[in-house]
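Here are my notes on this one, written as numbered points. Have the viewer open while you go through them.

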Amino acid sequence: ASQEHQGKSGGRQHHAVAVSFPTSGHLNPLIRFCKLLVKDHGFAVTFVDVRRASEGSAAPPQAGMLRSPPSHVPQPPVPSFRRVQISSNAMPKACDLSFRSLFETTASLGPELEDVILSINHEDRPVTCLIADFNMIVPAQDVADRLGVPCVVLCTCSASMLLLTHYLSQGDVVCMDSVICAHSSAKDGDDVFCRCLRGLPTLFNKDIPHFRHVEDETRHVWELLIQLWKICDGKAHSIVINTIEGLEDCTCAALTDSSGVPVYDAGFWVDHPCNDISTSPWKEDEGCMPWLEQQPICSVLYISFGSIALLSQKELEAFAEGIISSQQRFLWVLRPDLVKETRYSAKDVVEKSRGRGLVVEWAPQLQVLAHPSVGGFLTHCGWNSTTEAIANGVPMLCWPYFGDQLLNARCIVDEWKVGLAFHAEKKDSSVELKSGEIERAIRSLMEGNEGRTVRENAQKLKEKSSRSFHPDGSSHMKLRSLLERLYTK
Ligand code: UDP
């Protein structure tokens, strides 16, 4: 692969500083993207890992530790990918506290970020650009402006979510109040929310992202996202979306036409696993891999609700009952904090399954989804889980929890037809899922006709997506054209 661009910036190696947002769903794609830049494009990357003070395995280097020693001291070569950590005690855990306070804490990290970046911005390896998670655009763009370098934004959600945010930021296309009310008890989730928004499918009330993580903070989070989008649209060098050609083409075209910033669908870097950096507070349980080896092809349902989603005790019990009575083999990620009220006993689930199931706290998900024994994925439809399932041709059973997951589920089921939905009962503004329905839907995915159809579709989409990761495929071509633009500006 090419290091062809190296040298276009006065013979210097490009040095990008990546600015992360502290949840697995944001860290994983940014690390994978940066590793691709190092491996295929000769970049040096300093990865600024923004964490809660108590999290992370590496000792956080102080900014000063990164300053060059005096020139007479022999220096070890600087690695092409290195990690520095900014941690803050004030930062809430995403699953404990509100998203709003997580956004607010990270947005205020500007001074720390500037200190770190100035300390690594040496003559021998000057910082040539920033690569910022979309949620970190406020401090990152500010520092990029001071240094006079471009800021490339990485969007870790779908193009559809970004386009909906864009339309909301325009004010007149979708009314904010109706977005806030989409899930209220007065509305029927199956009623059309809006048609004819260019680049988006017809949306129903139930598809509209809400943010009721702990308290209902939907309006605040939307307002924050709109602010972030406005900064991005007006100032960023470009946006890379973790999506691929053939998946959201009309959406990307609409974004390109109506926004002020170049958009690149140069995504899905799943062949760059990042297990040398832990991106979650839980240790990956590798023990599930030998267990998978012993299971028949396509027989295991993998179940994970990502790193943030919460279940109520009632939902968890319904899932456990439905999963066990479906009599399918399963591998279930039961995060210790998945249920707020109590800690559910994983041992009970395994015992009741009579050896058909395995429960882990955190799985090596990319490896699991790539394993031939895995035949289905019961997922909360986080964007990474969605793209990782697509890249591996695994059909999904969708139980979206909040935010963009609702919109993703809609695309998985109705647009790409690579997944099935539960038929849940409506109860005021929420829906109730019964164990009988869970059992029915799992059987349907794993052994029914509907499951066969979505499995075939998932295989086709996998082939399409693997063509885009090919060295001559669209993702690589688009990344090259982004880099060309970066080098000439
Ligand atoms: N993940 C993992 N092990 C698990 C569960 C999840 O490695 O047991 C990873 C998964 O591969 C994905 C990320 O955590 O990259 C979750 O991101 P996603 O966008 O799917 O959901 P979020 O956690 O942001 O809700």
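1. How many of the residues of H13 are buried? Nine of its nine, so to speak a helix that is mostly covered. The buried residues in H13 are Trp 383, Asn 384, Ser 385, Thr 386, Thr 387, Glu 388, Ala 389, Ile 390 and Ala 391. Just after H13 comes Gly 393, with a positive phi of about 65°.

2. Before going further, keep in mind that this is a predicted model. The chain has 489 residues, and 47% of them are buried. There are 17 helices and 17 strands. Of the contacts with a separation of 6 or more, 73% are between residues 24 or more positions apart.

3. Now the ligand. There are 19 residues around the ligand, and Gly 25, Gly 306, Gln 365, Gly 382 and Ser 385 come nearest. Helix H1 (24–41), helix H12 (365–370) and helix H13 (383–391) each supply at least two residues of the shell. Which helix gives the most to that shell? H13 does, with four residues. By class, the shell has 11 polar, seven nonpolar and one charged residues.

4. On to helix packing, with H4 (residues 137–147) and H7 (residues 218–235). Their axes come within 10 Å and cross at roughly 30°, which makes H4 roughly parallel to H7. The crossing is left-handed. On the H4 side the contact involves Ile 137, Val 138 and Gln 141, and on the H7 side Leu 228, Ile 231, Cys 232 and Lys 235. Sorted by class, that contact has five nonpolar, one polar and one charged residues.

5. H7 also packs with H2 (residues 99–107), at an angle of about 30° and with the axes 9 Å apart. H2 passes H7 in a left-handed crossing. Here Phe 99, Arg 100 and Phe 103 in H2 meet His 220, Val 221 and Leu 224 in H7. The classes in this contact are four nonpolar, one polar and one charged.

6. Have a look at Val 261, in the loop between helix H8 (249–258) and strand E9 (263–264). Leaving out residues up to four places away in sequence, Val 261 touches Cys 232, Asp 233, Ala 236, Ser 238 and Ile 239. Cys 232 is also one of the H7 residues that meet H4. Why does Val 261 count as partly exposed? Because 16 other C-beta atoms lie within 10 Å of Val 261, and partly exposed is the class between exposed, at 12 or fewer, and buried, at 20 or more. As for Phe 103, from the H2 contact with H7, its C-alpha atom is separated from that of Val 261 by 23 Å, and the two residues are 158 apart along the chain.

7. Last, two backbone spots to check. Arg 354 has a positive phi of about 50° although it is not a glycine. Arg 354 lies in the loop between helix H11 (346–352) and strand E12 (357–360), and counts as exposed because it has 9 C-beta neighbours inside 10 Å. Lys 417, also a residue other than glycine, has a positive phi near 55°. Its place is in the loop between helix H14 (405–415) and strand E15 (419–421). With 17 C-beta neighbours inside 10 Å, Lys 417 counts as partly exposed.

Methods: Residues are numbered from 1 along each chain as its sequence is written. This is a predicted model: local features need pLDDT of at least 70, side-chain atom pairs count only at pLDDT 80 or more; totals for chains, interfaces and linings use all residues. Axes are lines fitted to C-alpha atoms, for helices over the stretch in contact, and angles run from 0 to 180 degrees between N-to-C directions. Angles under 35 degrees count as roughly parallel, over 145 as roughly antiparallel, 65 to 115 as roughly perpendicular and the rest as oblique. A crossing is left-handed if the near helix is turned anticlockwise from the far one by less than a right angle, and right-handed if clockwise. Two residues are in contact if their C-beta atoms, placed from the backbone, lie within 7 Å. Ala, Val, Leu, Ile, Met, Phe, Trp, Tyr, Cys and Pro count as nonpolar, Asp, Glu, Lys and Arg as charged, and the others, Gly among them, as polar. A residue is near a molecule or strand if its C-beta atom, placed from the backbone, lies within 6 Å of it.
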